[in-house]
Amino acid sequence: MEQPDRLVVSGITKTFRRDGKEIIALQKVNFSVKEGRFVSIIGPSGCGKSTLFHIIAGLLRPTAGQVLANGQDIVGRAGTVGYMLQKDMLLPWRSILDNIILGLEIRGVPRMESVKRALPLMAQYGLNGFEKSYPYELSGGMRQRAALLRTLLYDRHIMLLDEPFGALDAQTRLHMQNWLLEIWQDFKKTILFVTHDIDEAVYLSDDIYVFSPRPGRIQAKLEVPIPRPRSPEDMTSPQFAVLKHQLLELLFSGAPSAADIG
Ligand code: ADP
Ligand code: MG
(Lines give C-alpha, C1' and ligand atoms only; values in the text may rest on other atoms or scores of the structure.)
(Ligands and ions follow the chains in the order given, each with its own letter.)
Protein backbone atom coordinates (compact mmCIF):
# COMPACT_ATOMS: atom_id res chain seq x y z
CA MET A 1 0.00 0.00 0.00
CA GLU A 2 1.26 3.46 -0.81
CA GLN A 3 2.10 5.69 2.13
CA PRO A 4 0.13 8.91 2.67
CA ASP A 5 1.66 12.34 2.11
CA ARG A 6 3.16 13.64 5.31
CA LEU A 7 4.09 16.98 3.88
CA VAL A 8 2.69 18.90 0.94
CA VAL A 9 4.32 22.12 -0.24
CA SER A 10 2.30 23.90 -2.90
CA GLY A 11 2.94 27.07 -4.83
CA ILE A 12 5.47 28.45 -2.37
CA THR A 13 6.88 31.78 -3.47
CA LYS A 14 8.97 34.04 -1.27
CA THR A 15 10.03 37.56 -2.10
CA PHE A 16 12.34 39.60 0.10
CA ARG A 17 12.75 43.35 -0.05
CA ARG A 18 16.20 44.73 0.58
CA ASP A 19 17.34 48.33 -0.07
CA GLY A 20 14.22 48.93 -2.11
CA LYS A 21 15.04 46.00 -4.39
CA GLU A 22 13.02 42.84 -4.66
CA ILE A 23 14.75 39.48 -4.29
CA ILE A 24 12.73 36.47 -5.38
CA ALA A 25 14.14 33.69 -3.23
CA LEU A 26 11.66 30.95 -4.16
CA GLN A 27 9.29 30.70 -7.07
CA LYS A 28 6.27 28.39 -7.14
CA VAL A 29 7.80 25.44 -5.37
CA ASN A 30 5.61 22.32 -5.33
CA PHE A 31 6.41 18.92 -3.93
CA SER A 32 5.16 16.35 -1.46
CA VAL A 33 6.85 13.88 0.83
CA LYS A 34 5.42 10.51 1.73
CA GLU A 35 5.52 9.04 5.20
CA GLY A 36 8.93 7.65 6.11
CA ARG A 37 10.82 8.90 3.06
CA PHE A 38 14.28 10.40 3.11
CA VAL A 39 14.17 13.34 0.73
CA SER A 40 17.06 15.63 -0.13
CA ILE A 41 17.11 19.06 -1.65
CA ILE A 42 20.24 19.98 -3.51
CA GLY A 43 21.00 23.28 -5.20
CA PRO A 44 23.51 26.09 -5.42
CA SER A 45 24.13 28.44 -2.54
CA GLY A 46 21.53 31.21 -2.29
CA CYS A 47 18.77 29.32 -4.15
CA GLY A 48 16.40 29.51 -1.18
CA LYS A 49 16.88 26.15 0.54
CA SER A 50 17.12 27.56 4.06
CA THR A 51 14.31 30.00 3.28
CA LEU A 52 12.11 27.05 2.29
CA PHE A 53 12.95 25.29 5.57
CA HIS A 54 12.13 28.41 7.60
CA ILE A 55 8.75 28.49 5.84
CA ILE A 56 8.02 24.78 6.42
CA ALA A 57 9.07 25.18 10.06
CA GLY A 58 6.55 28.01 10.41
CA LEU A 59 9.20 30.61 11.24
CA LEU A 60 8.72 32.65 8.09
CA ARG A 61 5.59 33.38 6.07
CA PRO A 62 5.69 32.77 2.34
CA THR A 63 4.58 35.48 -0.07
CA ALA A 64 2.27 32.90 -1.62
CA GLY A 65 1.52 29.24 -1.26
CA GLN A 66 0.60 26.62 1.26
CA VAL A 67 2.29 24.03 3.46
CA LEU A 68 0.31 21.06 4.75
CA ALA A 69 1.62 18.65 7.37
CA ASN A 70 -0.59 15.61 7.95
CA GLY A 71 -3.30 17.44 6.05
CA GLN A 72 -3.19 20.59 8.22
CA ASP A 73 -2.18 24.04 7.10
CA ILE A 74 0.96 24.96 9.06
CA VAL A 75 1.94 28.26 7.45
CA GLY A 76 3.14 30.58 10.22
CA ARG A 77 2.76 27.84 12.86
CA ALA A 78 6.00 26.79 14.48
CA GLY A 79 6.41 23.52 16.34
CA THR A 80 4.85 21.02 13.93
CA VAL A 81 8.14 19.78 12.54
CA GLY A 82 11.56 19.19 14.08
CA TYR A 83 14.12 21.57 12.61
CA MET A 84 17.88 21.49 12.83
CA LEU A 85 19.17 24.82 11.60
CA GLN A 86 22.18 25.19 9.34
CA LYS A 87 24.30 26.26 12.33
CA ASP A 88 24.32 23.77 15.22
CA MET A 89 22.95 26.44 17.58
CA LEU A 90 23.94 24.69 20.78
CA LEU A 91 23.68 27.16 23.64
CA PRO A 92 27.21 27.65 24.98
CA TRP A 93 26.08 28.22 28.57
CA ARG A 94 24.12 24.99 28.79
CA SER A 95 25.52 21.49 29.33
CA ILE A 96 25.12 18.98 26.50
CA LEU A 97 22.30 17.27 28.37
CA ASP A 98 20.52 20.58 28.92
CA ASN A 99 20.97 21.43 25.26
CA ILE A 100 19.52 18.10 24.18
CA ILE A 101 16.40 18.46 26.31
CA LEU A 102 15.80 22.08 25.27
CA GLY A 103 12.97 21.19 22.87
CA LEU A 104 11.19 19.17 25.55
CA GLU A 105 11.61 22.04 28.00
CA ILE A 106 10.03 24.41 25.49
CA ARG A 107 7.13 22.00 25.18
CA GLY A 108 6.68 21.97 28.95
CA VAL A 109 7.84 18.40 29.65
CA PRO A 110 9.09 18.11 33.26
CA ARG A 111 12.89 17.99 33.56
CA MET A 112 12.96 14.58 35.27
CA GLU A 113 11.04 13.03 32.41
CA SER A 114 13.13 14.79 29.77
CA VAL A 115 16.35 13.54 31.34
CA LYS A 116 14.94 10.02 31.51
CA ARG A 117 14.29 10.14 27.78
CA ALA A 118 17.56 11.83 26.85
CA LEU A 119 20.06 9.68 28.75
CA PRO A 120 19.46 6.36 26.95
CA LEU A 121 19.64 8.15 23.59
CA MET A 122 22.91 9.80 24.54
CA ALA A 123 24.30 6.43 25.62
CA GLN A 124 23.08 4.66 22.51
CA TYR A 125 24.33 7.30 20.11
CA GLY A 126 27.83 7.92 21.35
CA LEU A 127 27.50 10.77 23.82
CA ASN A 128 27.80 8.68 26.97
CA GLY A 129 29.78 10.52 29.65
CA PHE A 130 29.35 13.93 28.01
CA GLU A 131 26.11 14.87 29.77
CA LYS A 132 27.77 17.54 31.90
CA SER A 133 30.21 18.78 29.27
CA TYR A 134 29.73 22.09 27.52
CA PRO A 135 29.54 22.49 23.75
CA TYR A 136 33.08 23.96 23.48
CA GLU A 137 34.48 20.75 24.99
CA LEU A 138 33.11 18.57 22.18
CA SER A 139 34.45 17.80 18.71
CA GLY A 140 32.54 19.05 15.67
CA GLY A 141 31.03 15.61 15.06
CA MET A 142 29.83 15.30 18.64
CA ARG A 143 28.26 18.74 18.59
CA GLN A 144 26.34 17.77 15.46
CA ARG A 145 25.23 14.58 17.19
CA ALA A 146 23.98 16.59 20.14
CA ALA A 147 22.12 19.00 17.86
CA LEU A 148 20.57 16.07 16.00
CA LEU A 149 19.52 14.32 19.20
CA ARG A 150 17.90 17.54 20.33
CA THR A 151 15.90 17.62 17.10
CA LEU A 152 15.05 13.93 17.48
CA LEU A 153 13.88 14.34 21.07
CA TYR A 154 11.59 17.15 20.01
CA ASP A 155 9.71 14.15 18.71
CA ARG A 156 7.94 15.22 15.54
CA HIS A 157 7.27 12.92 12.61
CA ILE A 158 8.91 15.25 10.16
CA MET A 159 12.50 16.36 10.63
CA LEU A 160 14.14 19.12 8.61
CA LEU A 161 17.93 19.02 8.56
CA ASP A 162 19.74 21.92 6.90
CA GLU A 163 23.28 20.96 5.82
CA PRO A 164 23.90 19.26 9.16
CA PHE A 165 27.29 17.85 8.17
CA GLY A 166 28.55 20.69 5.99
CA ALA A 167 31.39 21.70 8.29
CA LEU A 168 32.74 18.22 9.07
CA ASP A 169 35.80 16.49 7.63
CA ALA A 170 35.16 13.67 5.17
CA GLN A 171 35.66 10.80 7.58
CA THR A 172 33.53 12.24 10.39
CA ARG A 173 30.93 13.09 7.81
CA LEU A 174 30.64 9.50 6.59
CA HIS A 175 30.34 8.36 10.18
CA MET A 176 27.54 10.84 10.79
CA GLN A 177 25.74 9.89 7.59
CA ASN A 178 25.62 6.25 8.66
CA TRP A 179 24.51 7.29 12.11
CA LEU A 180 21.71 9.39 10.65
CA LEU A 181 20.53 6.47 8.50
CA GLU A 182 20.42 4.34 11.64
CA ILE A 183 18.35 6.93 13.50
CA TRP A 184 16.03 7.40 10.54
CA GLN A 185 15.39 3.67 10.40
CA ASP A 186 15.10 3.17 14.17
CA PHE A 187 12.66 6.04 14.65
CA LYS A 188 10.80 5.83 11.32
CA LYS A 189 11.01 9.55 10.70
CA THR A 190 10.22 11.43 7.54
CA ILE A 191 13.32 13.45 6.73
CA LEU A 192 13.83 16.48 4.54
CA PHE A 193 17.53 17.13 4.14
CA VAL A 194 19.40 20.02 2.55
CA THR A 195 22.88 19.46 1.21
CA HIS A 196 25.15 20.76 -1.51
CA ASP A 197 27.12 17.51 -1.53
CA ILE A 198 26.14 15.23 -4.40
CA ASP A 199 27.56 12.03 -2.86
CA GLU A 200 25.76 12.73 0.37
CA ALA A 201 22.44 13.28 -1.42
CA VAL A 202 22.71 10.01 -3.36
CA TYR A 203 23.97 7.96 -0.41
CA LEU A 204 21.22 9.05 1.98
CA SER A 205 18.12 9.70 -0.08
CA ASP A 206 15.08 7.99 -1.53
CA ASP A 207 14.30 11.09 -3.61
CA ILE A 208 16.38 14.10 -4.56
CA TYR A 209 14.99 17.44 -5.67
CA VAL A 210 17.38 19.57 -7.66
CA PHE A 211 16.81 23.30 -7.25
CA SER A 212 17.71 25.92 -9.84
CA PRO A 213 19.84 28.94 -8.95
CA ARG A 214 17.84 31.85 -7.48
CA PRO A 215 14.93 32.19 -7.74
CA GLY A 216 14.81 28.64 -6.42
CA ARG A 217 12.54 26.36 -8.41
CA ILE A 218 12.41 22.62 -8.63
CA GLN A 219 14.36 21.73 -11.71
CA ALA A 220 14.16 17.95 -11.46
CA LYS A 221 13.31 15.05 -9.20
CA LEU A 222 15.49 11.98 -9.11
CA GLU A 223 14.73 8.69 -7.39
CA VAL A 224 17.55 6.68 -5.87
CA PRO A 225 16.76 2.99 -6.35
CA ILE A 226 19.84 1.73 -4.46
CA PRO A 227 18.54 -0.88 -1.99
CA ARG A 228 18.77 -0.41 1.77
CA PRO A 229 20.46 -0.87 4.11
CA ARG A 230 23.24 0.97 2.29
CA SER A 231 26.90 0.89 3.10
CA PRO A 232 29.87 3.02 2.00
CA GLU A 233 30.71 0.41 -0.67
CA ASP A 234 27.58 1.49 -2.52
CA MET A 235 29.34 4.75 -3.30
CA THR A 236 31.69 2.96 -5.67
CA SER A 237 28.99 1.06 -7.57
CA PRO A 238 28.22 1.81 -11.25
CA GLN A 239 24.63 2.67 -10.28
CA PHE A 240 25.89 5.31 -7.86
CA ALA A 241 28.14 6.79 -10.53
CA VAL A 242 25.25 7.05 -13.00
CA LEU A 243 23.08 8.92 -10.50
CA LYS A 244 25.94 11.20 -9.60
CA HIS A 245 26.53 11.99 -13.24
CA GLN A 246 22.85 12.83 -13.74
CA LEU A 247 22.89 15.17 -10.77
CA LEU A 248 26.04 16.91 -11.93
CA GLU A 249 24.51 17.50 -15.34
CA LEU A 250 21.34 18.90 -13.81
CA LEU A 251 23.25 21.19 -11.47
CA PHE A 252 25.48 22.48 -14.26
CA SER A 253 22.69 22.93 -16.77
CA GLY A 254 20.98 25.19 -14.21
CA ALA A 255 24.13 27.14 -13.41
CA PRO A 256 24.15 30.85 -14.24
CA SER A 257 26.09 31.83 -17.34
CA ALA A 258 29.30 33.86 -17.03
CA ALA A 259 27.34 36.95 -18.12
CA ASP A 260 24.93 36.54 -15.17
CA ILE A 261 27.79 36.23 -12.71
CA GLY A 262 29.78 39.17 -14.08
P1 ADP B 1 20.38 28.82 0.56
O2 ADP B 1 20.02 28.26 1.89
O3 ADP B 1 19.88 28.01 -0.59
O4 ADP B 1 21.85 29.08 0.43
P5 ADP B 1 18.83 31.10 1.48
O6 ADP B 1 17.48 30.55 1.63
O7 ADP B 1 19.64 31.31 2.70
O8 ADP B 1 19.65 30.24 0.40
O9 ADP B 1 18.70 32.52 0.72
C10 ADP B 1 18.05 32.67 -0.53
C11 ADP B 1 18.16 34.10 -1.00
O12 ADP B 1 17.32 34.93 -0.22
C13 ADP B 1 19.55 34.69 -0.89
O14 ADP B 1 19.78 35.53 -1.98
C15 ADP B 1 19.50 35.47 0.41
O16 ADP B 1 20.42 36.53 0.38
C17 ADP B 1 18.05 35.96 0.40
N18 ADP B 1 17.55 36.15 1.77
C19 ADP B 1 17.41 35.19 2.71
N20 ADP B 1 16.88 35.68 3.84
C21 ADP B 1 16.68 37.01 3.61
C22 ADP B 1 16.15 38.10 4.38
N23 ADP B 1 15.69 37.91 5.63
N24 ADP B 1 16.10 39.32 3.80
C25 ADP B 1 16.54 39.51 2.54
N26 ADP B 1 17.04 38.53 1.76
C27 ADP B 1 17.12 37.30 2.28
MG1 MG C 1 21.19 27.64 3.48
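By class, four nonpolar, five polar and three charged residues make up the shell around ligand 1; Ala, Val, Leu, Ile, Met, Phe, Trp, Tyr, Cys and Pro count as nonpolar, Asp, Glu, Lys and Arg as charged, and the others, Gly among them, as polar. The structure is a predicted model, in which local features need pLDDT of at least 70 and side-chain atom pairs count only at pLDDT 80 or more, while totals for chains, interfaces and linings use all residues. Residues are numbered from 1 along each chain as its sequence is written, chains are lettered from A and ligands numbered from 1 in the order in which they are written, and side-chain values use heavy atoms, with hydrogens and water left out.

The residues that surround ligand 1 are Phe16, Arg18, Ala25, Pro44, Ser45, Gly46, Cys47, Gly48, Lys49, Ser50, Thr51 and Arg214, a residue being near a molecule or strand if one of its heavy atoms lies within 4 Å of it. Strand E1 (5-18) and helix H1 (49-56) each supply at least two residues of this shell. Helices (H or I, at least four residues) and strands (E, at least two) are DSSP runs, numbered from the N terminus. H1 gives the most to the shell, with three residues.

Polar contacts, defined as pairs of N or O atoms within 3.5 Å (within protein, one must be able to donate a hydrogen and the other to accept it, and residues adjacent in sequence count only if both atoms are side-chain atoms), link the ligand to several side chains. A polar side-chain atom of Arg18 lies 3.2 Å from a nitrogen atom of ligand 1. An N or O atom in the side chain of Lys49 is 2.9 Å from an oxygen atom of the ligand, and for the side chain of Thr51 the corresponding distance to a ligand oxygen atom is 2.5 Å. The protein covers 69% of the 570 Å² of accessible area that ligand 1 has on its own, as computed by the Shrake-Rupley method with a 1.4 Å probe; for residues, only the protein chains shown count as cover.

The 14 residues of helix H4 (residues 111-124) should span 20 Å at 1.5 Å a residue, and the end C-alpha atoms are 20 Å apart, which agrees; the expected span is 1.5 Å times one less than the number of residues. Within H4, Ser114, Val115, Ala118, Leu121 and Met122 are buried, where buried means under 20% relative accessible area, exposed over 50%, and partly exposed in between (1.4 Å probe, protein chains only). The cover of these buried residues includes helix H2 (96-100), helix H3 (102-106), helix H5 (140-153) and helix H6 (170-187). Just after H4, Gly126 takes a positive phi of about 80°.

The buried residues of H6 include Arg173, Trp179 and Trp184. Among the elements that cover the buried part of H6 are strand E3 (38-42), H5, strand E7 (158-162), strand E8 (190-195) and helix H7 (198-204). Lys188, which follows H6, has a positive phi near 50°.

Positive phi values also occur elsewhere. Lys28, in strand E2 (residues 21-34), has a positive phi of about 50° although it is not a glycine, and this residue counts as exposed at 63% relative accessibility. Asp155, in the loop between H5 and E7, has a positive phi near 65° and is partly exposed, with a relative accessible area of 41%.

Cis peptide bonds were found at two prolines. Arg214 and Pro215 are joined by a cis peptide bond with omega of about -5°, and Pro215 lies in the loop between strand E9 (207-211) and E10. The peptide bond from Arg228 to Pro229 is likewise cis, with omega near 0°; Pro229 belongs to the loop between E10 and helix H8 (238-253).

Two buried strand residues complete the description. Ala220, in strand E10 (residues 218-223), is buried, with a relative accessible area of 16%. Leaving aside neighbours within four places in sequence, Ala220 is in contact (heavy atoms within 4.5 Å) with Ile208, Tyr209, Val210 and Leu250. Arg6, in strand E1, counts as buried at 13% relative accessibility. Beyond the neighbours within four places in sequence, the contacts of Arg6 include Val33, Leu68, His157 and Thr190.
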